[in-house]
Amino acid sequence: MQYSPFNPPVRTLMGPGPSDVHPRILEAMSRPTIGHLDPAFIQMMEEVKALLQYAFQTKNELTMPVSAPGSAGMETCFANLVEPGDKVIVCQNGVFGGRMKENVERCGGTAVMVEDTWGEAVDPAKLEEALKNNPDACIVAFVHAETSTGAQSDAEALVKLAHQYDCLTIVDAVTSLGGTPIKVDDWAIDAIYSGTQKCLSCTPGLSPVSFSEQALEKIRNRKQKVQSWFMDLNLVMGYWGSGAKRAYHHTAPINALYGLHEALVMLQEEGLENAWARHQKNHLALRAGLEAMGLTFIVKEQDRLPQLNAVSIPEGVDDAAVRGRLLNEYNLEIGAGLGALAGKVWRIGLMGHACRNENILLCVSALEAVLSDMGAKINQGVALSAMQKALA
């Protein structure tokens, strides 16, 4: 069989991730590859760490990107902090809380589940009840921005509760970093992980993480070795630690790190607060258009993520057919529902470089055209003017 170079179609990515990658980042990734122990590369690593500290709003020394996607960042946190026999309280209000449970159990720990309805924020009262009933728990884990539903929980309140009961915290910020406020130091988060492919406008494949001194103390004093050699932070820090002298641990994804560096430089240029405000403003415009059309959100307004919008599918509408037509006729990708919400919602992402006025206008107008053609019961001809009013 004769093969040819792969040339992907040009898409507008407005699903749950990956998001559109900024051209500056693609250009950065095309620069010459150098060695992962080259002094010039070591200097860039130091800059990546400092820029990640800005993005996470932390001074944590151990702040770095794991050389793998967000799921590996999650596993790095759990593998290092959870030992066999540890009791971990896991808050679940969507798919990714369930993955936290999986990690706890694979580390030999016991997961105590705090369940909330999908589409709702984690209830602090339920967490406190679990903490009172499990005084031997040592860690609380929760998802800040639940990608499967578009719900955002009050990280500051949940961390404060966990600390009142002498628990460390592990926080999933895969969808929130760069798009909605995260203040690791102010909120005293112990371990946090994210991904590069969402609000940072970068390609998938790296997972920013940060650990407090309290978390590091637990890692240093483990009774058993971390079961993953690759993710053992005691070893990884020989490469990502401070100073010019680095011990070889693994060959870093060099060009991917060029891309992350560029993404973080762009975040600093825009300013964190401005990035948060841009995501919120464009979310309000998208909401105006979708609601004018007659579509509804599944998450209460006060708990809604601006960068991930879960919208109920109108009755009688074929979920896959709509998404297929958007992709084939408009080169526009939106996401399907996961788990209990499969076939019930669309997930529309407004993340990073994808969070632009022209994308919102394309998404709503294309969705209106497809739904109208399929005979869906929507309000026609009013969405664009509602969005333009919101943007003005």
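1. Start with what surrounds Lys 198. Leaving out residues up to four places away in sequence, Lys 198 touches Pro 16, Gly 17, Ser 19, Thr 147, Val 174, Thr 175, Met 351 and Gly 352; contact here means heavy atoms within 4.5 Å. The side chain of Lys 198 also reaches the backbone oxygen of Pro 16 at 2.6 Å. Keep in mind that this is a predicted model, where local features need pLDDT of at least 70 and side-chain atom pairs count only at pLDDT 80 or more, while totals for chains, interfaces and linings use all residues. Residues are numbered from 1 along each chain as its sequence is written, and side-chain values use heavy atoms, with hydrogens and water left out.

2. Staying with this lysine, UniProt, in an unreviewed entry, places the feature "modified residue: N6-(pyridoxal phosphate)lysine" at Lys 198. UniProt positions follow the numbering used here, feature names are shortened, and annotations may be inferred rather than shown by experiment. Lys 198 sits in the loop between β9 (191-193) and β10 (207-211). Helices (H or I, at least four residues) and strands (E, at least two) are DSSP runs, numbered from the N terminus. Is Lys 198 buried or exposed? Lys 198 is buried, since its relative accessible area is 7%; buried means under 20% relative accessible area, exposed over 50%, and partly exposed in between (1.4 Å probe, protein chains only).

3. A cis peptide bond joins Gly 17 and Pro 18, with omega at about 5°. Pro 18 is in the loop between β1 (12-13) and α1 (23-29).

4. Next, have a look at Asn 359, in helix α13 (residues 357-373). Asn 359 counts as buried because its relative accessibility is 3%. Its side chain makes a polar contact with the side chain of Asp 20 (3.4 Å). A polar contact is a pair of N or O atoms within 3.5 Å; within protein, one must be able to donate a hydrogen and the other to accept it, and residues adjacent in sequence count only if both atoms are side-chain atoms. Not counting residues up to four places away in sequence, Asn 359 touches Thr 12, Met 14, Asp 20 and Ala 354.

5. Now the cysteines. How many disulfides does the structure hold? It holds 0, a disulfide being a pair of cysteine sulfur atoms within 2.5 Å. For Cys 107, the closest cysteine sulfur is in Cys 77, 11 Å away, so it is too far for a bond. For Cys 202, the closest cysteine sulfur is in Cys 199, and at 13 Å that is also too far for a bond. Cys 107 is buried at 7% relative accessible area, and Cys 202 is buried at 1%.

6. Just after α10, Gly 271 takes a positive phi of about 95°.

7. Most residues other than glycine have a negative phi. Gln 57 is not a glycine, yet has a positive phi of about 55°, and it is in the loop between α2 (39-56) and β2 (62-66). Asn 331 has a positive phi near 50°, in the loop between α12 (319-330) and β12 (332-333). Gln 57 is partly exposed at 30% relative accessible area, and Asn 331 counts as partly exposed at 30% relative accessibility.
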